[in-house]
Amino acid sequence: MGETKDVLILAIESSCDETAAAVVKNGREVLSNVISSQIELHKLYGGVVPEIASRKHIEKINQVIEEALEEANVTLEDIDAIGVTYGPGLVGALLVGVAEAKAIAYATAKPLIGVHHIEGHISANFIENKELEPPFICLVVSGGHTHLVCVKDYGEYEIIGRTRDDAAGEAFDKVARAIGLGYPGGPKIDKLSKEGNLNAIVFPKAHITDAPYDFSFSGVKSAVLNYINGCQMKGETFCQADIAASFQKAVTDVLVENAMRAVEEYGMKKLAIAGGVASNSSLRCAMKEACNQSKIDFYYPSPIFCTDNAAMIGVAAYYEYKKGTRHGWDLNAVPNLKLGEK
Ligand code: KG4
Ligand code: ZN
């Protein structure tokens with residue numbers, strides 16, 4: 001038996017407003033993780049402007065990749081495969097990463113592996129939790145997605161619940177804007193909530209009768225807007241911190257309840273969370289407590305691996321590489337790519 005050779009993946013992520021590249025060794029060790037965020041630029045408009053995002057990705061991508069290789073102390077020759085997010089996301093933004101990955105893979109005659117963005121978010125949990133292996137339940141909560149996923153094996157997923165309307169992060173962002181906190185709202189609501197009373201206002205928690213794992217956040221968002229309108233009509237001021245804390249509680253309660261129900265009914269012993277909203281301190285705290293009580297192992301990535309990054313794409317690409325997944329030069333950006341589609 002020869003010794004097993006290390007597998008190095010160069011990963012690229014450009015599905016939304018971060019231009020990112022990373023080098024990942026054997027699916028679990030991050031050698032570099034470079035992220036160029038466009039948040040400051042999009043703040044001016046209160047949200048991500050797709051055309052601006054694409055243009056910025058083009059400006060930044062080569063430099064970000066060079067930095068990732070340099071930081072990892074490797075050259076393209078050392079790389080075994082190129083992984084890239086090809087959906088879901090903004091089509092123009094995705095295309096920049098996909099075209100770049102194809103060009104590098106073609107020029108260096110290395111395998112090309114397209115990765116689903118959500119598979120990346122889930123895989124972020126493998127970076128710091130070396131002992132974590134499927135099967136487990138993963139709650140993916142980001143600006144664009146709210147999915148409850150049964151991770152049956154590496155690269156094998158069953159979506160057991162999803163949002164019927166807004167994503168959790170979207171609800172945070174919209175409520176933050178309504179109470180005057182600005183974009184992106186999630187981290188701001190998280191911070192301000194610490195000064196507020198989470199029982200000050202009772203906002204509705206949506207449960208969907210025929211689909212116990214699905215979510216709906218448009219109701220709680222409308223309830224916040226109505227509450228603010230009510231105050232304004234009566235000439236009363238409202239307490240931003242109380243609204244933030246009460247809203248955050250309504251959202252995290254439902255996320256925890258549905259996730260715990262899934263863990264129990266699927267007979268799982270492990271629960272992971274992923275995506276930008278997985279950084280939320282109140283969600284982490286509530287999940288930890290619920291898992292402690294039910295004797296479930298709880299996993300979560302550091303905030304840097306929760307928001308969009310390329311290291312998570314490198315991890316997912318590694319497990320796809322091991323399974324033999326290879327994409328051709330016809331790989332295209334798929335803005336509404338479904339998890340599990342090849
Ligand atoms: O995963 P991500 O970076 O991008 C998408 O794939 O969507 O998630 C971004 C979302 C934004 O909606 C942001 O407001 C939210 O994650 N977010 C948070 C926190 N940090 C980021 N939401 C609540 N609490 C946080 N601490
Ligand atoms: Zn994301």
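This note sets out numbered points on a predicted model.

1. Conventions. Because the model is predicted, local features need pLDDT of at least 70 and side-chain atom pairs count only at pLDDT 80 or more, while totals for chains, interfaces and linings use all residues. Residues are numbered from 1 along each chain as its sequence is written, chains are lettered from A and ligands numbered from 1 in the order in which they are written, and side-chain values use heavy atoms, with hydrogens and water left out.

2. Ser 15. Ser 15 lies in the loop between strand E1 (8–13) and strand E2 (18–25), where strands (E, at least two residues) and helices (H or I, at least four) are DSSP runs numbered from the N terminus. Ser 15 counts as buried because its relative accessibility is 3%, buried meaning under 20% relative accessible area (1.4 Å probe, protein chains only). Its side chain makes polar contacts with the side chains of Glu 13, at 2.6 Å, and of His 117, at 3.4 Å; such a contact is a pair of N or O atoms within 3.5 Å, of which, within protein, one must be able to donate a hydrogen and the other to accept it, and residues adjacent in sequence count only if both atoms are side-chain atoms.

3. Phe 247. Leaving aside neighbours within four places in sequence, Phe 247 is in contact (heavy atoms within 4.5 Å) with Ala 171, Phe 172, Val 175, Ile 189, Phe 203, Val 220 and Val 224.

4. Ala 311. Ala 311 belongs to helix H12 (residues 311–323) and counts as buried, because its relative accessibility is 0%. With neighbours within four places in sequence left aside, the residues in contact with Ala 311 are Ala 22, Val 24, Val 30, Asn 33, Ile 127 and Phe 305.

Notes
Buried means under 20% relative accessible area, exposed over 50%, partly exposed in between (1.4 Å probe, protein chains only).
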